[in-house]
Amino acid sequence: MDFSTPPLSNYTPVCYSINNPPFNYTSPVASKYFSSVFTALGLTSNLIAFIALLKSFRRTQSRSRSFFLIFLGGLVVTDFMGLLVTGSIVISFHLTGFDWRKLDPNCHFCNFMGMSMVFYGLCPLLLGAAMAVERFMGINRPFARSTSMPKCRTVSMVLMVWLIAGCISLLPLTGVGSYHMQIPGSWCFFNISAEGNDMAFSLLFSLVGLTSIAVSFLLNTVSVVTLIKVCCGQDRTQRRRDHEVEMLIQLILIMVIASICWCPLLIHTLMCVVTGERVGTETVLFCIRLATCNQIFDPWIYIMCKVSRLRSLSHKLCYPEAGSKSDTYCYGYASQPGTRSWTRGYTSCFAGQYLRESTPVSTCIGTPS
């Protein structure tokens, strides 16, 4: 029996063992124009959103809003870098048509792209869950959170999310799962399979993503119920949180878009592992394109919220009578001395008999960002 090492020409690296380039595959979903437009649009959108966030962070005097802006900044930076890294590789392949086997015979480049796909895919989902936790604490336990949580701790939470996603993306290099070339040969991703270590990593990826979405949904629901009780309940004239409503609306939009974009891929991965079904090339490509849309839509949530002034909209929805009455005073604006005390990070209004007898100074438009 010959135990000698096989010749190098007959050796197939792990990343090419399932799908071996070059491929003769054409599809509109895999078009180079599709990739170029998505990447350019996403990079531009995230850059605009980052500039707007930076200006808002410098102007804001609200402690709770500064926490939220740090998380949003981390999300925008993550989406921007994800599109820059993965998009540059995909577009380079479409423009040059390079041979992966010659360029990357040892799968280092393919492993890097697979890690990038997993890392930049999980980060927005984990950041969404972390933002939901922060808003839940800010709305339900505002004073305990605002007095004990410095900004550096919020930055540490963002870094912790990146660390967790990075550790998960490194698991295939340790033998838990494996990164493989994917059709049409422009990208690499982990092998979705119901066998061995590939099954373990496929389950981990899908469950981490779905759990993050579930946590976001649960905590955001509780926060919405709390704000409805505060804003539209019997005590609505005693406590107002316009900026809390605005941030929660943005967070809910982030959660909804993440669910729409990522659930098809996460559920498809989970179903393939549980049922042992064969992974369809067209299905995976469509799910990946849909997941990429999340990195494009995320920055526009904040951009459109700034343009449409959701703070004023939420004020009109919860307090339709306040726009016609001039007997309301807000924290952060001029008001009758002795009628209130200002609390950093919150917007509150009082509209009582005493104030009706006074001359109004300003209308309730919330805390400036």
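I started with patches, which are made of residues with over 30% relative accessible area and no salt bridge, joining nonpolar side chains (Val, Leu, Ile, Met, Phe, Trp, Tyr) within 5 Å and like charges within 9 Å. A salt bridge is a side-chain nitrogen of Lys or Arg within 4 Å of a carboxyl oxygen of Asp or Glu. Areas come from the Shrake-Rupley method with a 1.4 Å probe, and for residues only the protein chains shown count as cover.

The model is predicted: local features need pLDDT of at least 70, side-chain atom pairs count only at pLDDT 80 or more, and totals for chains, interfaces and linings use all residues. Residues are numbered from 1 along each chain as its sequence is written, and side-chain values use heavy atoms, with hydrogens and water left out.

Entry: the patch. I found Phe50, Leu54, Val77, Met81 and Leu84 making a nonpolar surface patch of about 360 Å². Helices H1 (32-59) and H2 (63-96) each supply at least two of its residues; helices here are DSSP runs (H or I, at least four residues), numbered from the N terminus. H2 gives the largest share, 3 residues.

Entry: Val77. I placed Val77 in helix H2. Val77 counts as partly exposed because its relative accessible area is 31%, between the cut-offs for buried (under 20%) and exposed (over 50%).

Entry: H1. I noted 28 residues in H1 and a reach of 41 Å from first C-alpha to last, close to the 40 Å expected at 1.5 Å a residue; that expected span is 1.5 Å times one less than the number of residues. Among the buried residues of H1 are Phe38, Leu43 and Leu53.

Note on methods:
Buried means under 20% relative accessible area, exposed over 50%, partly exposed in between (1.4 Å probe, protein chains only).
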